[in-house]
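Please keep the sequence and the 3D view side by side as you read.

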Amino acid sequence: MEIRFETTGPGQETDLRSLYNWLADDRGLRGHAQIEAVTGAESGRMGPSLDAVLALISTGAALGQLPYSYLAWRQSRRPQAPVTINVLGADAAETEAVLRRFGLEPPGGAASDPRPPDPRTSDPHPDAPDPDPGPTRGAP
């Protein structure tokens, strides 16, 4: 099974390189998934641009770890644009199950990060939980 991560817009290449490095460095994925940078020719550029990150899944362990690694990256990085996740080489039921592991509702076999950027703020995921919410009020 292949899981392809794509994004468009400002910061596309930076976000994809960050995701590629994050997944490639994840010890839980080593030996279970092959992480590849997908490059393509872009007119007007000297070298190839990064178009996507591809995870080739070879075990159930990778399928269990990959969503956790992706969600941790998204929480720490806060990508500038929504990330589209496509599942290739799986039937409809498997695709739906995989996308649900990523916290996505599958619309016809492919899904995007459910939180589009808010144009009023620089934070593309304004409803994401704050990793450091600060002090809370409550009973003593």
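Ring pairs join Phe-5, Tyr-70, Trp-73 and Phe-102 into a cluster. Rings of Phe, Tyr and Trp (for Trp, the six-membered ring) pair if their centres lie within 6.5 Å, and the pair is stacked with planes under 30 degrees apart, edge-to-face over 60 and tilted for the rest. This is a predicted model, in which local features need pLDDT of at least 70 and side-chain atom pairs count only at pLDDT 80 or more, while totals for chains, interfaces and linings use all residues. Residues are numbered from 1 along each chain as its sequence is written, and side-chain values use heavy atoms, with hydrogens and water left out.

A search of the whole structure turns up 4 aromatic pairs. One of them is the edge-to-face pair of Phe-5 and Phe-102, at 5.9 Å centre to centre and with 70° between the planes. Because Phe-5 sits in strand β1 and Phe-102 in the loop between α3 and β5 (110–112), this pair ties together parts that are 97 residues apart in sequence. Both Phe-5 and Phe-102 are buried, where buried means under 20% relative accessible area, exposed over 50% and partly exposed in between (1.4 Å probe, protein chains only).

Now turn to Tyr-70 and Trp-73. Their ring centres are 5.9 Å apart and their planes meet at 35°, so this pair counts as tilted. Both residues belong to helix α2, 3 residues apart, or about one turn of the helix. Tyr-70 is buried at 1% relative accessible area, and Trp-73 is buried at 1% relative accessibility.

What does Phe-102 contact, leaving aside its neighbours within four places in sequence? With contact meaning heavy atoms within 4.5 Å, the partners of Phe-102 are Ile-3, Phe-5, Leu-66, Pro-67, Tyr-70, Leu-71 and Ile-85.

Phe-102 also brings us to the largest nonpolar core, which has 24 residues; those with the most contacts inside it are Ile-3, Phe-5, Leu-66, Ile-85 and Phe-102. Such a core is a set of buried Ala, Val, Leu, Ile, Met, Phe, Trp, Tyr and Cys residues joined through side-chain atoms within 4.5 Å. Two or more core residues come from each of β1 (2–6), α1 (12–25), β2 (33–40), β3 (49–57), α2 (60–77), β4 (84–88) and α3 (92–101). Helix α2 gives the largest share, 5 residues.

Step back to the whole chain. The protein has 3 helices and 5 strands, taken as DSSP runs numbered from the N terminus (helices H or I, at least four residues; strands E, at least two). Along the sequence they follow the pattern β-α-β-β-α-β-α-β. Of the 140 residues, 34% are buried. Among contacts with a separation of 6 or more, 65% are between residues 24 or more positions apart.

Two local details are worth a visit. Ser-49, in strand β3, is buried at 2% relative accessibility. Its side chain makes a polar contact with the side chain of Asp-51 (3.2 Å); a polar contact is a pair of N or O atoms within 3.5 Å, where within protein one must be able to donate a hydrogen and the other to accept it, and residues adjacent in sequence count only if both atoms are side-chain atoms.

Arg-78 lies in the loop between α2 and β4 and is partly exposed, with a relative accessible area of 21%. The phi of Arg-78 is near 50°, a positive value in a residue other than glycine. Most residues other than glycine have a negative phi.
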